[in-house]
Amino acid sequence: MALLHQIEAVFQLAVQYGVLLLECAGVAVLLVTAVKSMIGCVKHKPHVRLYLAQGISLALEFKLGGEVLRTVLVREMSELLTLGLVILLRGALTLIIHWEIKNEEARMDEAAGHEEAALTETAPRL
């Protein structure tokens, strides 16, 4: 029995470190993305919104991974319900951000198509 308790303690410690690693990675990605996006906004770079949305999405994926890993340690139903709601909320946010990314990419493709058409119309004909 003592060996079983030691294995369980090592497993719980590994899961806790895994959760901490994923959470820290999510925070780091979000902070780096936010700083780069602010700099890009000040420099009037054209694709800052897309870059920011992709960074937020990646950070949420890391955070969601941490929450899923945390379910291994849940002992009570109330903890599981709270964790389930957090996972649903983060999943919904991720879906919304992916939808926003697709819309932004479509808008950029449309703008690029209009610019290309305008250049074609104004180009001198030989």
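Me: Why does Leu13 count as partly exposed?
Reply: Leu13 has a relative accessibility of 44%. Buried means under 20% relative accessible area, exposed means over 50%, and partly exposed is in between (1.4 Å probe, protein chains only). Leu13, at 44%, is therefore partly exposed. Please keep in mind that this is a predicted model, in which local features need pLDDT of at least 70, side-chain atom pairs count only at pLDDT 80 or more, and totals for chains, interfaces and linings use all residues. Residues are numbered from 1 along each chain as its sequence is written, and side-chain values use heavy atoms, with hydrogens and water left out.

Me: Where is Leu13, then?
Reply: Leu13 is in helix H1, residues 2-42. Helices here are DSSP runs (H or I, at least four residues), numbered from the N terminus.

Me: What makes up the nonpolar surface patch of about 330 Å²?
Reply: Leu13, Tyr17 and Leu20 make that patch. Patch residues need over 30% relative accessible area and no salt bridge, and nonpolar side chains (Val, Leu, Ile, Met, Phe, Trp, Tyr) are joined within 5 Å, like charges within 9 Å. Leu13, at 44%, clears the area cut-off. The areas come from the Shrake-Rupley method with a 1.4 Å probe, and for residues only the protein chains shown count as cover.

Me: How confident is the predictor in this chain?
Reply: The average pLDDT (the predictor's confidence in each residue, from 0 to 100) is 88, and 92% of the residues score at least 70. Helix H1 has the highest mean, 95, while helix H3 (residues 77-122) has the lowest, 84. Where pLDDT is low, the predicted coordinates should not be read in detail.

Me: Why is Ser57 called buried?
Reply: Ser57 has a relative accessibility of 4%, which falls under the buried cut-off, so Ser57 is buried. Ser57 is in helix H2, residues 48-70. Not counting residues up to four places away in sequence, Ser57 touches Thr94, Ile97, His98 and Ile101; contact means heavy atoms within 4.5 Å.

Me: What makes up the largest nonpolar core?
Reply: Its 5 residues are Leu50, Ala53, Leu60, Ile97 and Ile101. To belong to a core, a residue must be a buried Ala, Val, Leu, Ile, Met, Phe, Trp, Tyr or Cys, joined through side-chain atoms within 4.5 Å. H2 and H3 each give two or more residues to this core, and the largest share, 3 residues, comes from H2. Leu50 is in contact with Ile101, Glu104, Glu105 and Met108, leaving aside neighbours within four places in sequence. In soluble globular proteins, nonpolar side chains tend to be buried together.

Me: How do you know that Glu23 and Lys63 meet in a salt bridge?
Reply: Their side chains come to 2.3 Å, N to O. A salt bridge is a side-chain nitrogen of Lys or Arg within 4 Å of a carboxyl oxygen of Asp or Glu, so the Glu23 and Lys63 pair qualifies. Because Glu23 lies in helix H1 and Lys63 in helix H2, the pair ties together parts that are 40 residues apart in sequence. Glu23, at 12%, is buried, and Lys63, at 19%, counts as buried too.

Me: Which other residue forms a salt bridge with Glu23 at 3.9 Å?
Reply: Arg90 does, the closest N and O atoms being 3.9 Å apart. Arg90 is in helix H3 and Glu23 in helix H1, 67 residues apart. Both residues are buried.

Me: What makes Glu104 and Arg49 a salt bridge?
Reply: Their N to O distance is 3.8 Å, and the limit is 4 Å, so the pair qualifies. Glu104 is in helix H3 and Arg49 in helix H2, 55 residues apart. Glu104, at 5%, counts as buried, whereas Arg49, at 52%, counts as exposed. In another part of the picture, salt bridges that share partners join Glu23, Lys63, Glu67, Arg70 and Arg90 into one network. The whole structure has 8 salt bridges.

Me: Why is His44 called exposed?
Reply: His44 is at 70%, over the exposed cut-off, so His44 is exposed. His44 is in the loop between H1 and H2, and has a positive phi of about 60° although it is not a glycine.
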